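Thanks for coming. I'll talk through one structure today, going from a single chain out to the contact between chains. Please have the sequence and the model open.

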There are 4 protein chains.
Amino acid sequence: MITTHPFHLPETPETEDDDHLREECAIFGIYGTQDAAAHTALGLHALQHRGQEASGIVAFDGKRFNAHRGLGHVSEIFVSPNVMARLEGHAAIGHNRYATTGETLLRNVQPLFADFEFGGLAIGHNGNLTNALKLRRQLVKRGCLFQSTTDTEVIIHLIATSQGATVLDRLIDALRQVEGAYSLVALTGHGLIGVRDPNGVRPLVLGKLGDAHILASETCAFDIIGAEFVRDIEPGEIVVLNGDGVTSHRPFPPGRKRFCVFEYIYFARPDSNVEGQSVYEARKNIGMELARESHVDADVIVPVPDSGVPAAIGYAAESGLPFELGIIRNHYVGRTFIQPTDQIRHYDVKRKHNANRMQIEGKRVVLVDDSIVRGTTSKKIVEMVRNAGATEVHMRIASPPTTNACFYGVDTPQKEKLLAHNYDIEGMAKVIGVDSLAFISIDGLYRAMGLPARNDAMPQYCDACFTGDYPISLTDFDDGGDPAQLSLLTEQPAA
Amino acid sequence: MITTHPFHLPETPETEDDDHLREECAIFGIYGTQDAAAHTALGLHALQHRGQEASGIVAFDGKRFNAHRGLGHVSEIFVSPNVMARLEGHAAIGHNRYATTGETLLRNVQPLFADFEFGGLAIGHNGNLTNALKLRRQLVKRGCLFQSTTDTEVIIHLIATSQGATVLDRLIDALRQVEGAYSLVALTGHGLIGVRDPNGVRPLVLGKLGDAHILASETCAFDIIGAEFVRDIEPGEIVVLNGDGVTSHRPFPPGRKRFCVFEYIYFARPDSNVEGQSVYEARKNIGMELARESHVDADVIVPVPDSGVPAAIGYAAESGLPFELGIIRNHYVGRTFIQPTDQIRHYDVKRKHNANRMQIEGKRVVLVDDSIVRGTTSKKIVEMVRNAGATEVHMRIASPPTTNACFYGVDTPQKEKLLAHNYDIEGMAKVIGVDSLAFISIDGLYRAMGLPARNDAMPQYCDACFTGDYPISLTDFDDGGDPAQLSLLTEQPAA
Amino acid sequence: MITTHPFHLPETPETEDDDHLREECAIFGIYGTQDAAAHTALGLHALQHRGQEASGIVAFDGKRFNAHRGLGHVSEIFVSPNVMARLEGHAAIGHNRYATTGETLLRNVQPLFADFEFGGLAIGHNGNLTNALKLRRQLVKRGCLFQSTTDTEVIIHLIATSQGATVLDRLIDALRQVEGAYSLVALTGHGLIGVRDPNGVRPLVLGKLGDAHILASETCAFDIIGAEFVRDIEPGEIVVLNGDGVTSHRPFPPGRKRFCVFEYIYFARPDSNVEGQSVYEARKNIGMELARESHVDADVIVPVPDSGVPAAIGYAAESGLPFELGIIRNHYVGRTFIQPTDQIRHYDVKRKHNANRMQIEGKRVVLVDDSIVRGTTSKKIVEMVRNAGATEVHMRIASPPTTNACFYGVDTPQKEKLLAHNYDIEGMAKVIGVDSLAFISIDGLYRAMGLPARNDAMPQYCDACFTGDYPISLTDFDDGGDPAQLSLLTEQPAA
Amino acid sequence: MITTHPFHLPETPETEDDDHLREECAIFGIYGTQDAAAHTALGLHALQHRGQEASGIVAFDGKRFNAHRGLGHVSEIFVSPNVMARLEGHAAIGHNRYATTGETLLRNVQPLFADFEFGGLAIGHNGNLTNALKLRRQLVKRGCLFQSTTDTEVIIHLIATSQGATVLDRLIDALRQVEGAYSLVALTGHGLIGVRDPNGVRPLVLGKLGDAHILASETCAFDIIGAEFVRDIEPGEIVVLNGDGVTSHRPFPPGRKRFCVFEYIYFARPDSNVEGQSVYEARKNIGMELARESHVDADVIVPVPDSGVPAAIGYAAESGLPFELGIIRNHYVGRTFIQPTDQIRHYDVKRKHNANRMQIEGKRVVLVDDSIVRGTTSKKIVEMVRNAGATEVHMRIASPPTTNACFYGVDTPQKEKLLAHNYDIEGMAKVIGVDSLAFISIDGLYRAMGLPARNDAMPQYCDACFTGDYPISLTDFDDGGDPAQLSLLTEQPAA
């Protein structure tokens with residue numbers, strides 16, 4: 001889900017955070033258990049890394065849809081016994097959302113819900129529709145009123161105006177009109193529906209807990225409730241979970257599978273298994289491949305915590321050099337802090353990371369990180385490591401250079417802010433201040449994934465952020481559509 | 001505006017409050033001044049008595065609509081300089097809302113806003129549509145999605161699906177389809193629109209402050225900002241306020257004027273002037289007429305504060321008996337309080353009122369109040385006055401017996417809970433515990449308003465709550481429409 | 001209780017409010033009932049007018065003292081069933097506090113509590129000690145540490161360092177050392193103690209509810225819980241309420257009774273009975289005396305609501321002129337509001353009051369108010385009445401000119417800000433903008449209280465604010481003590 | 001600092017958290033810089049691991065002491081620019097506090113402040129006085145009033161009642177009377193004072209940033225502000241930091257240095273350097289020694305994250321077995337969460353940890369953790385690892401068995417709840433469910449610290465929790481003092 005309209009609330013400062021691309025959403029759904037909402041809250045908690053700004057749950061109790069949505073972390077929103085007690089139902093869906101500053105208005109928080117002629121339907125969505133603006137214009141022309149600025153609402157209006165006989169027919173009718181990358185869960189009076197787009201760009205997995213069936217973005221959401229993994233939902237597949245168990249539908253012409261390779265590099269949790277592969281293993285393999293491709297004489301392998309750790313373990317194992325926690329991360333970092341004066345502003349990165357001087361002083365250090373986006377944090381970390389006495393600093397990156405924006409549900413800065421868009425490797429090394437810099441090659445990445453190489457004619461993954469090779473058309477972007485015009489309303493949050 | 005769907009949040013106890021009918025909304029709009037939102041906030045503050053649960057303001061700055069809505073009093077919601085600073089614009093509308101327990105969800109708080117093909121439009125509404133359910137069913141059938149459970153949203157969808165060429169055409173098109181009592185303000189990119197229903201049941205007045213034009217429910221909203229009263233908007237009239245001044249339209253066939261007489265009795269502020277008449281004067285006249293109709297030998301005239309005061313002053317003046325504050329009202333009463341044990345529960349009425357013993361002890365007391373709804377508070381007050389030593393207690397009521405529910409924008413208990421529906425005068429006197437009880441007669445009420453008597457063939461006011469003579473058809477009610485089915489969603493407020 | 005240390009938090013703007021002197025505290029205590037805390041909360045609610053900034057309750061359950069204190073109104077602080085449930089005990093005391101800006105820190109909120117060698121003791125205090133600074137300096141010198149900046153804490157340290165054998169002995173020992181005006185309640189493991197200072201400047205009354213005994217600042221606190229008034233505590237009397245009933249002690253040499261006459265004029269609630277006299281009657285009598293003293297030809301008597309109403313009723317009755325609500329007060333005024341721009345700043349007074357034009361236009365108006373302090377509000381009200389069309393405006397004040405500060409527990413502006421300190425009657429009339437201005441004479445005031453005249457040799461009341469005749473020595477003031485130096489700590493409230 | 005009085009607020013459930021001993025406080029102080037409070041906030045943030053419940057800062061601006069204290073994390077309390085702007089001063093001290101449930105009342109949050117005859121003094125304290133109850137009883141007897149239940153306040157009253165001529169004399173006088181383990185910082189009008197107890201049980205280090213001097217519990221607080229480490233404060237040393245630089249005093253007879261060895265095992269941050277030794281290195285060395293002492297044939301070394309990581313790296317390096325993140329920690333764990341029903345309660349540990357199945361399935365796993373307290377978490381983790389398919393699970397603990405409570409500023413469960421108090425190694429292995437269990441030996445621990453062995457006659461560290469050999473007398477404990485009687489007051493926090 002991408003919210004297409006930034007509200008520009010000026011007093012909340014933009015933060016570069018830790019300079020990563022951001023997965024924008026997590027989804028979860030469960031059918032066939034008491035405490036469906038409590039299970040959903042636990043599942044969303046396990047998926048917190050996919051969206052930290054807002055969460056929502058809608059449960060269905062056989063008669064009514066019971067909802068609660070809020071801004072913040074899952075463990076802040078679903079904390080009260082009263083709140084949980086009212087989310088009655090044997091089926092529920094939930095959603096975590098990441099959103100850039102100002103878009104965190106409650107009316108955009110998912111799951112979205114609508115009352116249709118046929119009854120209620122709630123929907124949660126991970127991904128992004130690339131022709132949402134075009135569809136929205138058509139719908140507004142015929143008298144549809146939009147309440148949110150999310151692309152998810154386009155699907156809701158397409159369902160409302162469909163002539164299909166059943167909810168499922170209407171949903172299929174709607175999805176035939178949309179382009180983009182999406183995994184979605186929908187809760188209706190007749191069951192829980194899960195869909196993965198024809199290219200399977202975003203993940204969706206099926207699990208089981210006793211008699212209940214479950215859908216989730218990642219398998220780690222099954223582990224937390226003791227559920228077992230059944231299988232990945234296939235690209236273009238629609239599953240319906242209800243009293244009859246799981247029924248599979250394939251209304252769309254078979255697409256080419258193009259799963260997002262960045263899920264392995266950074267987005268997914270290391271303890272998840274996606275598309276048949278352990279994320280942790282994949283990262284270690286990338287680290288090993290990286291060590292083979294870009295060896296350097298050094299004394300110690302140091303991960304940039306936490307995301308660089310598995311690749312660094314792989315790198316150290318392959319290179320035979322010792323792995324040490326040469327940078328310590330402070331896990332108490334809050335999201336905001338005192339506004340430092342000029343004198344102390346440059347201490348800011350140290351709130352999160354500190355050099356472990358004894359592991360660094362007098363040594364040739366290889367820093368291993370998962371990716372470089374703007375390069376701002378990398379630069380500060382290198383400076384910190386040098387100040388702690390490193391004699392050489394070499395940076396090794398467990399992904400190819402990020403040169404292009406993602407339009408499939410990932411928050412990327414504008415192309416012009418990507419370091420790799422503006423500099424070659426040597427230039428980047430200079431900006432960051434390292435003695436040497438190397439990225440894994442695109443073929444090296446595919447090798448680490450167990451393939452001989454990238455099949456350029458028919459790539460096995462979506463790797464558009466590295467290659468610019470976009471598997472799904474970018475209609476709105478090509479139209480020059482301006483999402484900032486979506487709504488004329490600027491509403492301040494209620495006190 | 002009536003919200004037709006009670007959410008039944010069980011933990012907020014129903015309160016009988018001070019046992020009055022409740023006007024459900026106030027509206028305000030201003031065009032042509034800087035600080036339009038600040039003027040609107042002051043206007044809404046002066047109209048706080050018409051709705052205390054929630055308020056909202058939408059301002060238009062020439063490009064965008066800037067909104068803020070919240071639960072609580074005006075002075076709590078529009079208190080922050082930041083909030084006000086962002087409500088930029090030379091035009092604004094605002095709305096106060098009264099709502100019964102559980103309906104105070106933000107999505108129902110007005111003004112409502114929508115993005116249409118032609119641009120944005122915000123709308124605020126005082127009154128109630130009596131065919132809203134029927135229209136809503138038709139709109140849902142054609143694919144319209146409702147976000148709120150308010151009848152106001154029906155008007156918005158009628159505008160969206162209208163084929164009219166201009167906003168005004170579409171609004172007129174929409175209003176031709178609705179039945180009910182309403183005064184409304186709408187803010188568009190082309191100006192501020194005000195409408196009063198063809199019967200003129202609810203009030204709407206036009207004012208002026210320098211070059212700016214203003215619409216408000218009552219004239220007291222002009223006084224607070226130093227504006228001058230120009231005239232009442234006429235029944236069925238549409239006015240457009242923009243850079244060209246005020247334009248008047250009369251697209252509807254002329255209706256029969258049936259202004260709500262209860263506005264004079266209780267709803268309006270005593271310092272307002274409605275339909276050419278001072279509210280305070282009207283109440284005093286009713287008190288005088290009441291004294292003439294139902295004289296009783298007594299020692300002192302005591303108002304039930306605060307609403308009974310003007311009628312009591314009139315009653316005292318006419319009867320020649322002394323007027324005394326025999327009951328003191330505590331103005332610090334909050335909306336909730338400690339949950340008393342059985343032992344102290346019966347002290348509850350004393351949190352608001354206390355007998356002023358020295359004015360009552362040993363005396364024959366005439367209590368003057370504006371109306372009796374359920375009778376619960378009256379009973380407690382009479383008991384309190386007797387405990388303070390009154391030798392006789394006579395109750396005089398400045399309105400006829402309230403025997404029927406209102407469907408035109410006033411919160412009334414079910415007919416079965418109205419004391420006057422269940423008992424004759426003598427029975428009521430017994431329930432309340434007074435030595436004598438009298439209401440003003442229906443003709444006495446019309447005399448106090450300066451008329452010779454009620455014209456039963458063509459009554460000059462809407463007095464349905466006293467007579468059951470409803471001037472506007474009650475389509476939904478006759479259909480047996482069940483508003484509780486409007487939405488399948490129950491959403492808990494965000495923390 | 002006076003907090004002697006202003007914390008000067010600059011962002012909370014000083015408010016002139018409605019330009020009155022301010023009683024600074026209310027006290028309440030009850031012994032011998034279940035739900036002692038709930039009764040205390042109701043009593044404090046009835047006494048809310050004596051202090052609106054903070055409240056506290058301490059209950060004793062036979063073993064432990066259970067406390068809750070907070071900032072705001074009683075009905076905000078003691079609202080949660082959880083809070084009330086934990087205030088267990090058969091005895092309790094409570095306190096309301098008024099405080100000027102910035103002093104509302106929780107550590108100053110009463111009742112104060114301390115653990116002594118003999119057990120716990122909580123204390124609440126209405127009044128002000130005039131030698132508190134001197135005593136404090138002596139106590140600090142011997143090693144006592146003060147936590148608050150209240151004079152009440154001086155009493156606590158005097159008790160702690162006393163050699164007395166019993167709590168009562170120690171309290172008497174402490175009170176022998178203090179000078180000032182005070183009524184206090186203290187809760188100990190051995191019972192509830194009430195004290196009134198030897199001059200009886202501040203009120204304290206004894207009541208009864210079944211087997212329970214009660215102490216309160218005013219009788220209206222008895223009415224709310226259905227208790228009956230027994231008697232006033234006498235000047236210099238100490239009462240102990242425990243399982244043996246009420247025991248009276250008189251350890252101090254008999255002083256001259258000098259009850260504060262301003263309690264009748266403004267502080268006390270009109271439905272209270274103090275020192276044997278109805279407050280409402282006293283105010284009406286003052287109004288009648290005022291009418292006799294300063295007659296003027298006019299058309300209508302208009303009170304400045306709400307405090308001017310009883311005197312205006314008396315004035316109207318005596319003068320034979322009609323009493324009308326020519327000014328309407330908006331009871332929804334919150335404590336803060338939008339910060340108006342220059343353009344709309346002058347509307348501010350209208351948030352609270354509005355002229356009732358029809359009662360004023362073309363008339364000669366007599367405005368009746370209880371007192372004039374700075375004169376700021378009076379000026380705005382006169383202007384508003386003139387704008388509403390009054391042909392003449394005459395102001396009549398139900399107290400003599402306020403020319404001196406109070407040091408006995410009342411918040412007064414510095415002498416230099418008192419209008420009557422700077423102008424004679426004619427000058428004041430000019431500032432306020434009236435056609436004529438008159439105050440009741442000092443002897444007229446005493447006559448209204450039922451006395452032949454003021455006994456200048458031995459005045460029957462404390463009237464220092466009108467006469468400068470202070471009945472109790474002003475040690476700290478004469479010492480030039482600077483309360484701003486009391487504590488070196490400035491602590492910001494916890495978020 | 002130990003708060004000796006549990007308030008037993010029953011609705012906040014006790015949490016076993018992650019079953020560790022808890023360091024109870026962090027202290028920080030800085031003299032001689034603008035923005036002293038901002039530097040202190042950053043320092044406290046770096047020391048957040050030593051206390052997460054509450055924090056406070058007091059700054060001195062040359063005239064006044066400016067304070068702010070609150071409950072929660074440093075980054076929540078010191079977040080507002082307004083708050084920081086008012087903490088003006090060139091010198092400041094700060095304190096983080098850990099507290100068991102219910103004791104988090106603001107009046108116990110440090111730094112404590114008092115106004116003395118000589119001026120103001122603020123004090124913050126890490127450690128625990130073992131004769132505080134005895135001293136408190138003596139002070140109360142002479143009339144001292146305690147506001148908190150902390151032992152820190154005992155020091156304050158000893159200062160207040162001292163006859164010493166200077167602040168320093170009075171502080172030395174006070175400290176001569178106390179027994180226990182403590183490091184403290186005190187802020188006075190004459191400078192910043194730091195003290196370490198004669199045995200040097202708790203850490204305190206001196207640093208420098210430009211002209212400013214700094215005191216902190218650990219060196220990581222220097223790194224965050226770019227300050228450099230100067231030296232450890234020595235046992236029994238008093239340092240005064242003011243305009244003249246740093247002056248050292250040694251008023252106490254030289255004690256035997258007995259630094260807390262658990263600081264190396266768990267309390268201190270791995271990037272800190274304490275008493276001349278890198279904490280991270282010490283942990284790695286313990287892991288290596290442990291591998292030598294208790295080898296086991298296995299396939300993989302898995303740390304219990306995060307505290308077991310450095311020891312696991314050492315263990316893996318020494319044993320030659322691969323180090324893998326076989327357990328993944330979810331860093332989004334909030335402090336509270338939905339109250340699960342019986343059905344889902346056993347998922348609770350999974351909110352924090354999840355097995356990384358691919359690294360565990362079919363393998364013989366060595367789990368490395370820093371310590372075992374109650375054993376509750378260990379048991380759940382072992383079960384989780386077994387469920388993920390481990391064929392064998394061996395637990396290795398980087399400390400000796402914890403058999404005794406700590407009385408020197410560490411939160412320990414009652415002895416009876418310590419697993420090692422109740423079982424021998426074999427019994428513990430059975431309870432936890434492992435195939436084998438081994439702890440490092442006490443001599444192995446000393447070897448890892450670079451010593452030949454423990455000197456039983458004169459041990460080089462305080463290791464009382466492992467050996468029961470307490471270096472400082474336990475007066476209050478031997479007296480059977482009951483801290484629950486310290487205060488008779490139970491106060492609920494303000495809303």
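Let me start with what counts as a contact: two residues are in contact if their C-beta atoms, placed from the backbone, lie within 7 Å. Also, please keep in mind that this is a predicted model.

With that definition, take the contacts in chain A between residues at least 6 apart in sequence: 72% of them join residues at least 24 apart. The secondary structure of chain A comes to 17 helices and 26 strands. Chain A has 495 residues, and buried residues make up 59% of them.

Next, the domains. How does the assignment divide chain A? Domain 1 covers 22-258, while domain 2 is made of two segments, 277-330 and 347-454. Taken over C-alpha atoms, the centres of domain 1 and domain 2 of chain A are 35 Å apart. Their contact involves 14 residues from domain 1 of chain A and five residues from domain 2 of chain A.

On the domain 1 side of that contact in chain A, three elements each supply at least two residues: β1 (22-23), β7 (119-129) and β8 (180-188). β7(A) gives the most, with three residues. By class, this side of domain 1 of chain A divides into four nonpolar, six polar and four charged residues.

Staying in chain A, here is one local piece of pairing. Strands β13 (residues 238-242) and β14 (residues 245-249) of chain A run antiparallel and are joined by five bridges. The hairpin that links β13(A) to β14(A) has two residues.

For a sheet, I'll switch to chain D. Which strands make up the open sheet there, and in what order? There are four strands, in the order β18-β21-β22-β24 (chain D), with parallel pairing. β18 (300-303) and β24 (436-439) of chain D each have a single partner strand, so they stand at the edges, and one side of each is left without a neighbour in the sheet. Ignoring direction, neighbouring strands of this sheet are turned by 20° against each other on average.

Inside that sheet, β21 (residues 364-369) and β22 (residues 392-397) of chain D pair in the parallel sense over six bridges. One of the bridge pairs is L367(D) with M395(D) in β22(D). Helix α14 (residues 425-432) of chain D packs on the sheet and touches β22 and β24 of chain D. The direction of α14(D) makes about 125° with that of β24(D).

Last, the contact between chains A and B. Each chain is represented by 36 residues: 36 from chain B and 36 from chain A. On the chain B side, the elements that give two or more residues include β4 (65-71), α4 (132-141), α5 (152-161) and β26 (489-492) of chain B. Which element of chain B gives the most to the side that touches chain A? That is β4(B), with seven residues. Sorted by class, the side of chain B that touches chain A has 17 nonpolar, twelve polar and seven charged residues.

β4(B) also takes part in strand pairing across the two chains: β26 (residues 489-492) of chain A and β4(B) pair in the parallel sense over four bridges.

Terms used. Residues numbered from 1 in each chain as written. Chains lettered and ligands numbered in written order. Predicted model: local features only at pLDDT ≥ 70, side-chain atom pairs only at ≥ 80, totals over all residues. Pairing = 2+ DSSP bridges. Domains from an automatic or database assignment. Nonpolar A, V, L, I, M, F, W, Y, C, P; charged D, E, K, R; others polar. Axes fitted to C-alpha atoms, helices over the stretch in contact; angles between N-to-C directions. Buried ≥ 20, exposed ≤ 12 C-beta atoms within 10 Å, placed from the backbone.
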